[in-house]
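Here is a short briefing on charged side chains and how they pair up. Keep the structure open as you read.

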Amino acid sequence: MGTASPDPTDALRALDTSKPRPGETHLSRGLKSIGLPLLHLSCCVVISFTIAYVLDGYLAVPAESPRYVDGGKFKLKVSDVTTLVSTGLTIVRLLVGAWAGTIIWNCTFILLEKRPGGLSLPQLSRIMAFNVPPIPRSPSEGLVLLLLLLIIPQQLIAPLITGAVNWSPSFEFSQSLRPTQAGSPEANPTSWFWYYYAGADRRASVRRAAAMATMAWDGSATDRAHSRHVMNDVRGVSIPINSTLFNAVVPCIRAHSITFPTAPPPEKVLKIAKDSVHDQEESETLLTRVGEAPLRYGVNGNAVLFDPDDRPGTHDALPPKYDSAFVMERPADYKKSGIIIFGKTPNNIFNTTDGGNYDWCHTYAIVNLTAGIAQSPTSTYVSDRVVEADLPSTELDLKGGPWVKEAMYLMPDVMSNVAMMHSTKLYTWDDIERYLDKLIRYSYQGAWDMLYRSYEPDNRTLDVRYYEPRVLASVSKARVFAWLALSLLLTLSAVVLVTGNKASCERSIVFDGPVAALVTDAREVLEKGGVGLTNLAYVTKEKKVGKVQLRRNPGSGFYLASSHME
């Protein structure tokens with residue numbers, strides 16, 4: 001039996017892309033249809049809204065921090081976010097490239113079919129390589145120009161969204177509380193024995209007190225006149241600045257007023273000051289706790305705070321070294337009020353009220369104060385070791401404490417050291433009242449902290465809420481949605497291609513452009529161009545070929561025809 005002749009319309013049916021072909025999956029068909037722009041649109045919408053409403057305000061962890069923080073909570077780093085955004089944009093770029101290729105090939109087939117006279121090989125090359133069509137002379141060529149204008153921006157707009165995300169340093173409070181020891185591990189009550197009996201130990205303690213003041217008031221944080229306290233330095237643990245400490249005991253001193261009397265000081269006060277200036281202190285005029293007259297140093301701003309009726313040399317003489325009655329326990333609670341200050345204040349440095357200066361360019365003031373301790377409900381770390389009470393001292397419940405009395409006895413020595421070291425944030429010019437206020441507060445804090453940290457073991461555990469470093473993402477929504485709006489042009493190009501192609505072209509939309517071009521009948525072009533055309537490396541004006549045009553041969557599909565160029 002003979003075989004039936006092939007149906008002449010089989011070739012045309014094979015080119016019909018409106019129906020699924022044998023062996024074609026939904027995925028492969030979607031990637032080779034106008035479903036590609038819809039997939040691109042979906043990706044752009046997801047990326048845009050994720051960046052605008054999820055990433056905006058996100059607190060990423062710094063590069064040096066672990067990704068699991070605050071009890072196992074996972075946090076992205078900036079590099080992770082950048083990778084995710086880049087991955088999404090890479091997917092979009094692949095979809096844009098695939099659809100742009102489809103548009104370029106369809107534009108080429110439209111021009112080959114509808115442009116009068118067809119295209120020369122150089123024109124064909126410019127369209128494929130640089131997306132530059134010839135000057136339009138017909139509606140079909142206008143359609144090509146519109147499609148290219150819709151698709152070209154898609155390959156240039158990525159910087160618009162990558163630059164929409166800004167990163168800035170920030171912080172975040174941890175959800176869980178972490179413990180820290182209230183007292184110093186080095187505190188030893190036995191050392192209190194040697195503080196009493198060894199002058200060298202007391203001198204060392206004064207230096208340490210001045211160091212505590214320097215550590216707490218070094219100027220790294222604004223002085224709000226709140227109480228501060230030096231905490232421990234724990235090996236391997238660095239508590240972030242701005243973390244919150246709960247229920248810490250802090251030294252608290254309130255200077256209610258500082259007045260400069262115009263009348264000379266009482267003879268008793270003047271005698272105490274003169275003996276200290278001339279380094280002739282006796283038991284009746286003793287200011288120092290360590291054997292170094294604090295006013296003998298002629299440093300501008302050197303000042304001492306003392307109570308003429310309650311000083312180390314009045315009724316608190318150190319016990320004999322072998323006094324068996326001495327008990328190595330912390331002193332009883334004590335709170336101090338009312339005191340006098342005497343200091344060196346040359347007029348070219350600090351101006352005082354008229355009549356306030358006396359012999360040796362010194363002046364004196366009457367300070368109304370209350371000194372003690374207070375429990376601060378919450379305190380903030382102003383450095384990795386120093387906390388500051390969140391409430392001002394006037395709102396704290398000030399009470400007596402075991403180290404307050406000794407701290408007040410040490411004030412002349414500590415104030416003299418702090419003034420001479422000048423390593424804190426003291427005022428240095430023309431503001432004596434605030435200078436003295438700071439000098440008193442700084443020195444009292446240093447003296448009390450030194451005593452508490454040296455001689456009182458305190459094993460209480462305090463809670464800390466860490467203020468952890470983060471990197472804050474801030475998103476420019478205008479740039480994000482501008483990128484999304486421009487991305488919609490690709491979807492619009494699909495609509496234009498479908499409607500324009502149906503209205504003006506015989507050939508259906510081509511989704512596999514390279515394959516379609518490869519299998520298109522080009523015998524006529526090759527015959528006119530000669531054998532050398534098949535070995536072509538680059539395009540020139542092939543006069544033998546002329547212009548190429550896509551024509552339809554009924555019954556056998558489309559082929560390329562050649563016409564001579566004039």
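E186 has a relative accessibility of 48% in this predicted model. That value lies between the 20% and 50% cut-offs, so E186 counts as partly exposed. Its salt-bridge partner is R208. The structure holds 20 salt bridges.

**E186 and R208**
- The closest N and O atoms of E186 and R208 are 3.1 Å apart.
- The pair links distant parts of the chain, 22 residues apart.
- E186 sits in the loop between β6 (178-181) and α8 (190-197), while R208 belongs to helix α9 (residues 199-216).
- R208 is partly exposed, at 31% relative accessibility.

**E292 and R207**
- Helix α9 also holds R207, which forms a salt bridge with E292 at 3.3 Å, N to O.
- E292 lies in the loop between α10 (267-277) and β9 (303-306), 85 residues from R207.
- Is E292 buried or exposed? E292 counts as buried because its relative accessibility of 18% is under 20%.
- R207 is partly exposed, at 39%.

**K268 and D309**
- K268 and D309 form a salt bridge, with their closest N and O atoms 2.6 Å apart.
- K268 is in helix α10, and D309 is in the loop between β9 and α11 (312-315).
- These two residues are 41 residues apart, so the bridge links distant parts of the chain.
- K268 has a relative accessible area of 42% and is partly exposed.
- D309 is exposed, because its 53% is over the 50% cut-off.

How values were computed. Residues numbered from 1 in each chain as written. Predicted model: local features only at pLDDT ≥ 70, side-chain atom pairs only at ≥ 80, totals over all residues. Heavy atoms only, no water. Salt bridge = Lys/Arg side-chain N within 4 Å of Asp/Glu carboxyl O. Helix = DSSP H or I, 4+ residues; strand = E, 2+ residues; numbered from the N terminus. Buried < 20%, exposed > 50% of the residue type's maximum accessible area, 1.4 Å probe, protein only.
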